[in-house]
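Let's take a friendly walk through this model, strand by strand. Keep the structure open beside you as you read.

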Amino acid sequence: MLDIKELRKEPDLIKKKIHTKDPDANVDIVLELDEKVRELKSKVESLKSQRNEFSKKIGDKKRNGEDVTALMNEVSAISEESHKLDAELNAIESQFNHELSKLPNIPMEDVKISLDPADNVCIKVWGEQRIFDFEPKNHVELNEKLKLFDFERGAKISGAGWPIYRNIGARLEWALINYMIDTHVENGYMQWMPSALVREEILYGSGQLPKFESQQFRIKDDDYNLWLIPTAEVPLNALHSDEIMDEQELPKRYVAYTPCFRREAGAAGRQERGLIRMHQFNKVEMFCFATPESSASIFDEMVMGAEKILEGLGIHYRSMLLVTGDMSFASTKTVDIEVWLPGQHKEGKKSYYEVSSVSNCTSYQARRSNIRFRKGTEKPEFVHTLNGSGVATSRLMVALIENNQNSDGSINIPPVLRKYMSGMTKIVPEA
C-alpha cells in the first residue's frame, strides 16, 4: 500500500512514476476519494463538537430547572445527521481503501523506464551456453525414456498443467529442494514450513488481492474462506503482521519450501509443454524483513543467494534488472535470474526462462500488513520486506535435465545433488 500522505504531497510526481508501471492505474480517483473522506471527517467532527456543546448546555439548564425541549430537539437532529454522515463516511472510506490498494508500488530511481520486457537490462552472465556435439532433446523428449514425470496420469487426475513426478524424477526434485534449503540455511536463513492455505486478508497483505484475484485458486467450503498460496512469500510476509519488532531483531532472514498454485499457467502456457508452465509447482522462497537503511544491501545479498544455487549446479544463467513495466505489483526493484533451456531454444521459442525473481517491496507490504519496528524509544515505523525465489524447481528441473543430457539420453547428476540421491551420478533411460 502506498503512503497516502506522500501521494498528497507530490501527486503529479508519484502519478507519473506509477504510470511507468501501470499506465491504466487510476490515481485521480484515489485523490478524489481521499478529499471526500477528509471533508466528511471534518463535518462529522464538527457535528460531534456541536453535540457536545449542546449536551453541556442541556446539563446546565437541567440543573437550573429550565426547559430543555428545544435543545434536546437540536441534539436529536445533530445526532441523526451525524449517523447519516458516519454511514456515508464508512462507504467512501471503504471505496478509498479499495482503490488505493490497487495502486502498485513506485519504482526506484535506478530502474529503467519502459513497458516493454524486451528492454530489461542484463547485469550479469555466468557460464556459457553449452555447445552440443549431438542434437539435444527437450525435457519432454528425454522423459519418453527416462520416465521422470507422468504428464498423462497427471492430466487424468487433475487436468492439464498438473504433471506428476515419478520414481527418480521425484527423488531428483526432492534433492533440488533439499540442496536449496541447506544452502540458504548455511547462509543464515531460518527455515519455516508454512501452510499452503491462507485467509483472504493474508493474500491482501502481500499484494495478491484484490488486483490478482483471477490468478488465484480458492477452496469452496461453507465453513472456510481460504485460498491456495501462489508463493511462500504470502504466508512468510504474514508471520509478523500487526507486530512491532525491535530494531535489534532486524534483519530477519527466512526460507521456506512450499508447493505454489497459480491459475495463469493454463492460458499463458499452451505452447510451452511439460514443466515450463504449470498450475502447481515447487519453490524454495527467501523472505527478509529489514530496516529501510539496510534493505538495499539485503536485496543484493538475496540476488547473490539465488545465483549461488545455480552456480553450485553449474547451470549457465543471466541476471536481468527488470524495467518498470515488467516488475511485480508490490516491487520497487526486481532482478530476474534466467536459465538457458536448450530444448526451448531448439524449437525456436524463448531461450531463457526465469527461475528466480528477487524484489524489494520497501514498506508496501508492511503497510498493508501493519508490520513495524521501533528504534529505541522512537515512534514505530514500517519495515521493508524483500522476497526472492531461491529457486523455483520446475524450470530449474528442465534446465538441469536439458543441460546435463548425454547423447544416449542419460542425464549427469551435478555433484552437489549426489549426496541427496544415495551417491547416484547418472540417470539412465529405463529398460
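This is a predicted model: local features need pLDDT of at least 70, side-chain atom pairs count only at pLDDT 80 or more; totals for chains, interfaces and linings use all residues.

Two strands are said to pair if DSSP finds at least two bridges between them.

Strand 15 covers residues 384-392. It has a partner in strand 9 (residues 280-290), and the two run antiparallel, joined over seven bridges. To find this pairing on your screen, look for Met286, whose bridge partner in strand 15 is Gly388. Strand 15 also pairs with strand 12 (residues 352-360), again in the antiparallel sense, this time over three bridges. How many residues of strand 15 are buried? Nine of its nine are, so the strand is mostly covered, buried meaning under 20% relative accessible area.

Next comes an open sheet of three strands, in the order 7-13-14, with mixed pairing. Its edge strands are strand 7 (243-246) and strand 14 (381-382), each of which pairs on one side only. Strand 13 (residues 371-374) meets strand 14 in the antiparallel sense over two bridges, and Arg372 has Phe382 in strand 14 as its bridge partner. Strands of a sheet pair through backbone hydrogen bonds, either parallel or antiparallel.

Finally, the cysteines. A search of the whole structure turns up zero disulfides. Cys361 is in none: the nearest cysteine sulfur belongs to Cys288 and lies 12 Å away. Is Cys361 buried or exposed? Its relative accessibility is 1%, so Cys361 counts as buried. Cys122, at 40% relative accessibility, counts as partly exposed.

How values were computed. Residues are numbered from 1 along each chain as its sequence is written. Side-chain values use heavy atoms; hydrogens and water are left out. Buried means under 20% relative accessible area, exposed over 50%, partly exposed in between (1.4 Å probe, protein chains only). Helices (H or I, at least four residues) and strands (E, at least two) are DSSP runs, numbered from the N terminus. A disulfide is a pair of cysteine sulfur atoms within 2.5 Å.
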